[in-house]
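Reader: I would like to go through this model feature by feature. Please give the general idea before the case each time.

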Amino acid sequence: MITFFIATLFPEIFDGVLNSSMLFKAQDKQIVSFKIINIRDFGFGQRKQVDDTPYGGGDGMLLMVEPLYKTILYVKSLTTKKITTILPTPRGKTYLQSDANKLAEMDSDFLILCPRYEGYDERIINFVDKTYSIGNYVLTGGEIPAMVIVDSITRLLPGVLGGETSVINESFQLNDFTTEFPQYTRPEEFNGLVVPQVLLSGNHKKIAEWRNKQNDTSKNEL
Ligand code: ADE
């Protein structure tokens, strides 16, 4: 069983995502468990303060290093298993399928720290194992990146998806440079749009060749 500890200032954000569909089933099968930690529990004083203004000036507030550090220590006190601590940040390494594959193969629990506000005190970097950006855009917090990371790892764990797709090195496992091939289901014709003939042929070799040849057909131009 792999435990994902998720440290956040907004625990309620995770309710729907973790308790639906594949992530729910993975918990039900006891392959993963999710523990949400409120960073505010480690804040200062009566107001449980977790943020402060940046040295050198600038807009907004930063998450202080100490509440984050205390969160890490607390989570490490909960288990004797190795914990890999992940900090989502737009300045991290771009998170790719190959990262998900590697993380899914580690014998480790995970702690994902979700920053908020305008950022975090940089010194927290000394206490985390990995920093990841989920893409070159800026989100308002680490919660959505945490969901991306949790989802992409969990679906790779043996027994989660069932069947052949659960194995990491399956032939159709995506690597960083391929996209999923297009797929079709009934009906064979919709408003004059027909399913590619090769998929109806029953010729598995030809079907595999066709699938391997498909490129990204997404409509990127605005
Ligand atoms: N926090 C804010 N934006 C982010 C991004 N693109 N990736 C990871 N963490 C983030």
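Predicted model: local features only at pLDDT ≥ 70, side-chain atom pairs only at ≥ 80, totals over all residues.

Reader: What does the C-alpha trace span along its principal axes?

Author: The C-alpha trace of the protein chain spans about 70 × 45 × 30 Å along those axes. The chain exposes about 13,700 Å², of which carbon and sulfur atoms supply 52%. Buried residues make up 39% of the 222 residues.

Reader: How much of the contact count comes from residues 24 or more positions apart?

Author: Among contacts in the protein chain with a separation of 6 or more, such residues account for 76%.

Reader: How should I read the nonpolar cores?

Author: In soluble globular proteins, nonpolar side chains tend to be buried together. In this model the largest nonpolar core has 28 residues, and Phe4, Val32, Val150 and Ile153 have the most contacts inside it. Two or more residues of this core come from each of β1 (2-8), α2 (21-28), β2 (32-38), α4 (97-105), β6 (109-113) and α5 (143-154). The most come from α5, which gives five residues. Apart from this core lies another, of 19 residues, including Ala7, Ile37, Tyr120 and Val128.

Reader: Which residues are in contact with Ile153, leaving aside its neighbours within four places in sequence?

Author: Ile153 is in contact with Phe4, Tyr95, Ala100, Leu103, Ala104 and Phe110.

Reader: How do the helix lengths compare with what is expected at 1.5 Å a residue?

Author: The expected span is 1.5 Å times one less than the number of residues. For α5, the first and last C-alpha atoms are 16 Å apart, close to the 16 Å expected. For α3 (residues 65-77), 13 residues should span 18 Å, and the end C-alpha atoms are 18 Å apart, which agrees.

Reader: Which residues of α3 are buried, and what covers them?

Author: Val65, Pro67, Leu68, Thr71, Ile72 and Val75 are the buried residues of α3. Their cover includes β1, β2, β4 (62-63), β5 (83-94) and β6.

Reader: Where should I look for backbone details in the loops?

Author: Take the peptide bond between Arg186 and Pro187, which is cis, with omega about 5°. Pro187 is placed in the loop between α5 and β8 (189-190). Next, Lys48 has a positive phi of about 55° although it is not a glycine. Lys48 sits in the loop between β2 and β3 (51-52). Asn191, also not a glycine, has a positive phi of about 50°, and its place is in the loop between β8 and β9 (193-194).

Reader: Are Lys48 and Asn191 buried, partly exposed or exposed?

Author: Exposed means over 50% relative accessible area, and partly exposed lies between that and the buried cut-off. Lys48, at 35%, therefore counts as partly exposed. Asn191 is exposed, at 66%.

Reader: How many charged side chains are there, and how far apart are the centres of the two sets?

Author: The protein chain has 23 positive and 27 negative side chains, and the two centres lie 3 Å apart.

Key: Residues numbered from 1 in each chain as written. Heavy atoms only, no water. Core = buried A, V, L, I, M, F, W, Y, C linked by side-chain atoms within 4.5 Å. Buried < 20%, exposed > 50% of the residue type's maximum accessible area, 1.4 Å probe, protein only. Helix = DSSP H or I, 4+ residues; strand = E, 2+ residues; numbered from the N terminus. Contact = heavy atoms within 4.5 Å. Areas by Shrake-Rupley, 256 points an atom, 1.4 Å probe, with all protein chains shown as cover. Lys, Arg positive; Asp, Glu negative; His and termini not counted. Charge placed at Lys NZ, Arg CZ, Asp CG, Glu CD.
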